[in-house]
Amino acid sequence: LARLEETALSTWLRESGAAFFTSLTMHSIAMAFVVGINLMFAFRLMGLAPGIALQNVFRFYIVHWYATVVIFLSGLLLLLAYPAKALTNPVFYIKFAALTLGLFIAYRLPRSLNNSAKNLTNKQIKLIALCSILLWVIAVTAGRFLAYTHEVLLASRFY
C-alpha cells in the first residue's frame, strides 16, 4: 500500500484539491443517480409508487449503467488517493459488498420481470425490492462513514 501511495497518480490525487474533490463530486453525483433509480424501481415494485409505469422506469436504466461506470472510475481514483485508508477499513468492504449485491439485483430483476415466463411471485418481487432498498441504504451509509472510521490514513507514514 505504501508503494501505491507513492506513485505519481496517487500523490497527485491527494495533493491536488481539484483532482480529489472532482473525483469525490463525480462519485457522489453518480451514486445519487444509481441509488435514486434503484429506489424508484424498488418503491414501484413494492406498490408505493403505483402511478409510475414500469416501462418508464426501465428507460432510466441506460443512465443507471453509465452512472455505474462513473462510480467505478471515480471510486478507483478515490481508492488510489488513499489506498490504506480504504483497504484497511472493514466499512469499505461492507460498502463494496452492498454495492455489488445492489448492482446484481439491478441487473437481474428487470430482466426477470421482462422474461415472459415470469417465474417470480408478487411476494418474492416485493422481498427482492425491499432487499434492494436495504442494500442501497447500507452502501450510502457505509460510504459516508468511510471518511470518519479509518485508523490508517497513509501506510507510508509507518516507514
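View 1. Gly36 has its place in helix H3, which covers residues 17-45, in what is a predicted model. Because its relative accessibility is 36%, Gly36 counts as partly exposed, falling between the 20% limit for buried residues and the 50% limit for exposed ones. Along the chain, Gly36 and Trp136 are 100 residues apart, and yet their C-alpha atoms are separated by 9.3 Å. Trp136 itself is one of the buried residues of H8.

**View 2. The protein chain as a whole, for orientation.** The protein chain contains eight helices and zero strands, so that the pattern read along the sequence is α-α-α-α-α-α-α-α. Taken along the principal axes, the box filled by the C-alpha atoms is roughly 60 × 25 × 25 Å. Of the 159 residues, 37% count as buried, and the accessible surface comes to about 9,600 Å², with 70% of this area belonging to carbon and sulfur atoms. Among contacts with a separation of 6 or more, 78% are between residues 24 or more positions apart.

View 3. The largest nonpolar core has 26 residues, and the members that touch the most others are Phe41, Leu45, Leu113 and Trp136. Two or more residues are given to this core by each of H3, helix H4 (54-59), helix H5 (61-81), helix H7 (90-114) and H8. H3 supplies the largest share of this core, namely eight residues. Another core, which lies apart from this one, has seven residues, including Leu13, Phe20, Leu78 and Ala81.

**View 4. Helix H8, its length and its buried residues.** With 24 residues at 1.5 Å a residue, H8 should span 34 Å, and the separation of its end C-alpha atoms, 35 Å, agrees with this expectation. The buried residues of H8 are Ile125, Ala129, Ser132, Ile133, Leu135, Trp136, Ala139 and Ala142. H3 and H7 are included in what covers these buried residues.

**View 5. The nonpolar surface patch.** Ile94, Leu127, Leu130, Leu134 and Ile138 together make a nonpolar surface patch of about 440 Å². Helix H8, comprising residues 122-145, contributes the largest share of the patch with four residues. One of the patch residues, Leu127, has its place in helix H8, the helix that also holds the buried residues Ile125 and Ala129.

View 6. Ser74 lies in helix H5, and it counts as buried because its relative accessibility is 5%, which is under the 20% limit. When residues up to four places away in sequence are not counted, Ser74 touches Ser23, Met26 and His27.

**View 7. Asn115 in the loop between H7 and H8.** Asn115 is located in the loop between H7 and H8, and its relative accessibility of 35% is why Asn115 counts as partly exposed. The C-alpha atoms of Asn115 and Leu76 are separated by 34 Å, the two residues being 39 residues apart along the chain.

Terms used: Residues numbered from 1 in each chain as written. Predicted model: local features only at pLDDT ≥ 70, side-chain atom pairs only at ≥ 80, totals over all residues. Heavy atoms only, no water. Patch = residues over 30% accessible without salt bridge, like charges linked within 9 Å, V, L, I, M, F, W, Y side chains within 5 Å. Areas by Shrake-Rupley, 256 points an atom, 1.4 Å probe, with all protein chains shown as cover. Salt bridge = Lys/Arg side-chain N within 4 Å of Asp/Glu carboxyl O. Buried < 20%, exposed > 50% of the residue type's maximum accessible area, 1.4 Å probe, protein only. Core = buried A, V, L, I, M, F, W, Y, C linked by side-chain atoms within 4.5 Å. Expected span 1.5 Å × (residues − 1). Contact = heavy atoms within 4.5 Å.
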